[in-house]
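Hi everyone, thanks for making time. I'd like to walk you through one model today, from the overall layout down to a few side chains.

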Amino acid sequence: MTELIQFRQKARQGFTLTEMMVSLAIGLLVAATVSATFIWSGRQSVLCAKIAWSQTQAMRTSNKIESYFRNATSISGIDAALGDWVEVRFGDGTTGRLTYYNTANTQRRGMLYLRKNNVTETLVARGLTKIPNPDGSGFPLAMFTKINDRAIRVSYRVAEPTPDGAQAADDGAYAACARFAICLRNAPQ
């Protein structure tokens, strides 16, 4: 009997089907985990890049807007209905007009322009929208709101559009909202 067991052990040169199936299942599980981790890391990297773009654009534009308003002496006009533009007067007698523009029936293609001394400067070239209502219904909040004769509230949302410039399907995860109030420091008291 012991000779028969020894013969069977000597004759066996490979793995059994059960051993192969178990090792294959473990290998597939490890490969699936590695693949899923790689795909997740790639998606997180893209998301982080979009967040960085949106936040950089929001900070850059808010600094420009603040510098224009702080150097103004008065608010000479504002779009009270939609809050799409505001006009300010500067100490040298010139006026500047900040205008939010978005083509009809499109989103995430909004732009912010400053027109001063018959020269138009683009402050935000793409990805700008008004901030939507908290409940998501109705018209978005105004971009420019006059607080008093010396202060103005600005609010907007920036999200990186898709490479072709169209609206992203769901940009809530990486959009940056800018909300701030500015006091005109050169306004008479």
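Let me start with how the elements are assigned: helices (H or I, at least four residues) and strands (E, at least two) are DSSP runs, numbered from the N terminus. Please keep in mind that this is a predicted model, where local features need pLDDT of at least 70 and side-chain atom pairs count only at pLDDT 80 or more, while totals for chains, interfaces and linings use all residues. Residues are numbered from 1 along each chain as its sequence is written, and side-chain values use heavy atoms, with hydrogens and water left out.

So what is in the chain? There are two helices and eight strands, and from the N terminus on they run α-α-β-β-β-β-β-β-β-β. Of the 189 residues, 31% count as buried (under 20% relative accessible area; exposed is over 50%, partly exposed in between, with a 1.4 Å probe and protein chains only). Taking a contact as heavy atoms within 4.5 Å, 52% of the contacts between residues at least 6 apart in sequence join residues at least 24 apart.

Now to the inside. A nonpolar core here is a set of buried Ala, Val, Leu, Ile, Met, Phe, Trp, Tyr and Cys residues joined through side-chain atoms within 4.5 Å. The largest one has 28 residues, and Ile 65, Phe 69, Leu 98, Leu 112, Phe 144, Val 154 and Tyr 156 touch the most other members. Which elements supply at least two residues each to this core? They are α2, β1, β2 (85-90), β3 (95-101), β4 (110-116), β5 (119-129), β7 (151-158) and β8 (176-183). As general background, nonpolar side chains in soluble globular proteins tend to be buried together.

Next, the rings. Rings of Phe, Tyr and Trp (its six-membered ring) pair if their centres lie within 6.5 Å; planes under 30 degrees apart count as stacked, over 60 as edge-to-face and the rest as tilted. By that rule we get two aromatic pairs. In one of them, Phe 69 and Phe 144 sit edge-to-face, 6.3 Å centre to centre with 65° between the planes. This pair links distant parts of the chain, with Phe 69 in helix α2 and Phe 144 in strand β6 (residues 144-148), 75 residues apart. Phe 69 is buried at a relative accessible area of 0%, and Phe 144 is buried at 2%.

Tyr 156 and Phe 180 also form an edge-to-face pair, at 6.3 Å centre to centre and 85° between the planes. Here strand β7 holds Tyr 156 and strand β8 holds Phe 180, 24 residues apart. Both Tyr 156 and Phe 180 are buried.

Who sits against that pair from the helix side? Ser 62, in helix α2, touches Tyr 156 and Phe 180, leaving aside residues up to four places away in sequence. Is Ser 62 buried or exposed? Ser 62 counts as buried because its relative accessible area is 10%.

One more residue before I stop: Thr 73 lies in strand β1 (residues 72-78). Thr 73 is buried, with a relative accessible area of 19%. With the sequence neighbours up to four places away left out, its contacts are Arg 89, Phe 90, Gly 91, Leu 184, Asn 186, Ala 187 and Pro 188.

That's my tour, and I'm happy to take questions.
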